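Colleague: Could you take a close look at one part of this model for me? I'd like to hear about the aromatic rings and what surrounds them.

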Amino acid sequence: MDTLVTAPAPAPASAPAALRRLYFVRFAFAAVWAALLFATADTLGPLSASLLVLYPLFDVACAVVDVRSAAADGGPVRHLYLNIVLSALTAVGLAVAATSGIPAVLRVWGAWAVTAGLVQLVVGVSRRRMGGQWAMIASGGISTLAGVSFAAQAGGADASLKTLAGYAFLGGVFFLVSALRLGRATRRA
């Protein structure tokens with residue numbers, strides 16, 4: 001019987017460096033996405049509906065990358081799996097809600113912002129020793145509060161997708177701040 005000899009797998013990138021790159025990508029995506037949604041937010045058309053579904057799908061992809069990086073480095077991943085499920089369900093929910101109008105979209109997005117914000121808060125707290133996580137902790141708390149405001153806005157006459165664009169951009173800024181602080185913490189270590 002032949003034995004298969006393979007070269008050892010390359011050592012995984014350190015979790016802080018991989019997380020830092022992921023945070024930069026998330027910032028860039030959020031900035032572009034927010035600009036596109038803001039430009040199309042006056043009506044709930046095919047482009048804005050597609051953008052709405054794309055955002056949580058991108059979150060799923062980012063969480064998968066995060067899980068792989070964290071698992072390779074021996075970090076906690078349980079809450080990241082929860083985030084994957086929440087974001088995937090949100091994408092489906094937004095696709096359905098987009099057929100009912102902006103208030104329905106705001107309700108689904110609001111529920112996601114609350115639950116994903118809580119998960120982000122827990123993940124940030126669990127990673128605080130890594131450094132650069134205070135922005136993620138703050139972002140999780142703000143996301144939770146913003147989700148409640150989206151649900152409240154859905155019941156009013158001022159329901160607008162523009163608030164989602166602002167929310168996403170602010171979330172992207174938190175990712176940028178965290179990436180910069182994570183880089184500083186890594187250099188000090």
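Modeller: Ring pairs tie Phe 29, Trp 33, Tyr 55, Phe 58, Trp 109, Trp 112, Phe 150 and Tyr 167 together into a cluster. Keep in mind that this is a predicted model. Let's zoom in on one pair from that cluster, Trp 109 and Tyr 167. Their ring centres lie 6.4 Å apart with the planes at 85°, so this pair is edge-to-face. Trp 109 belongs to helix H4 and Tyr 167 to helix H6, so to speak two distant parts of the chain, 58 residues apart. Trp 109 is buried, at 0% relative accessibility, and Tyr 167 is buried too, at 19%, because the cut-off is under 20%.

Now for the helix that carries Trp 109. H4 (residues 102-126) packs against H3 (residues 78-97) at about 175°, and the axes are 9 Å apart. With an angle over 145 degrees, H3 therefore counts as roughly antiparallel to H4. Trp 109 and Trp 112 are among the H4 residues making this contact, and H3 brings in residues including Leu 82, Leu 86 and Leu 94. Sorted by class, the contact has 14 nonpolar residues, 6 polar ones and no charged ones.

Back to the rings: the count comes to 10 aromatic pairs. One of them is Tyr 23 with Phe 175, centres 5.3 Å apart and planes at 55°, so that pair is tilted. Tyr 23 is buried at 4% relative accessible area, and Phe 175 is buried at 10%.

Last, a charge over a ring: the charged end of Lys 162 sits over Phe 38, 4.8 Å from the ring centre.

How values were computed. Residues are numbered from 1 along each chain as its sequence is written. This is a predicted model: local features need pLDDT of at least 70, side-chain atom pairs count only at pLDDT 80 or more; totals for chains, interfaces and linings use all residues. Side-chain values use heavy atoms; hydrogens and water are left out. Axes are lines fitted to C-alpha atoms, for helices over the stretch in contact, and angles run from 0 to 180 degrees between N-to-C directions. Helices (H or I, at least four residues) and strands (E, at least two) are DSSP runs, numbered from the N terminus. Angles under 35 degrees count as roughly parallel, over 145 as roughly antiparallel, 65 to 115 as roughly perpendicular and the rest as oblique. Contact means heavy atoms within 4.5 Å. Ala, Val, Leu, Ile, Met, Phe, Trp, Tyr, Cys and Pro count as nonpolar, Asp, Glu, Lys and Arg as charged, and the others, Gly among them, as polar. Rings of Phe, Tyr and Trp (its six-membered ring) pair if their centres lie within 6.5 Å; planes under 30 degrees apart count as stacked, over 60 as edge-to-face and the rest as tilted. Buried means under 20% relative accessible area, exposed over 50%, partly exposed in between (1.4 Å probe, protein chains only). A charge sits over a ring if NZ of Lys or CZ of Arg is within 6 Å of the ring centre and within 35 degrees of the ring normal.
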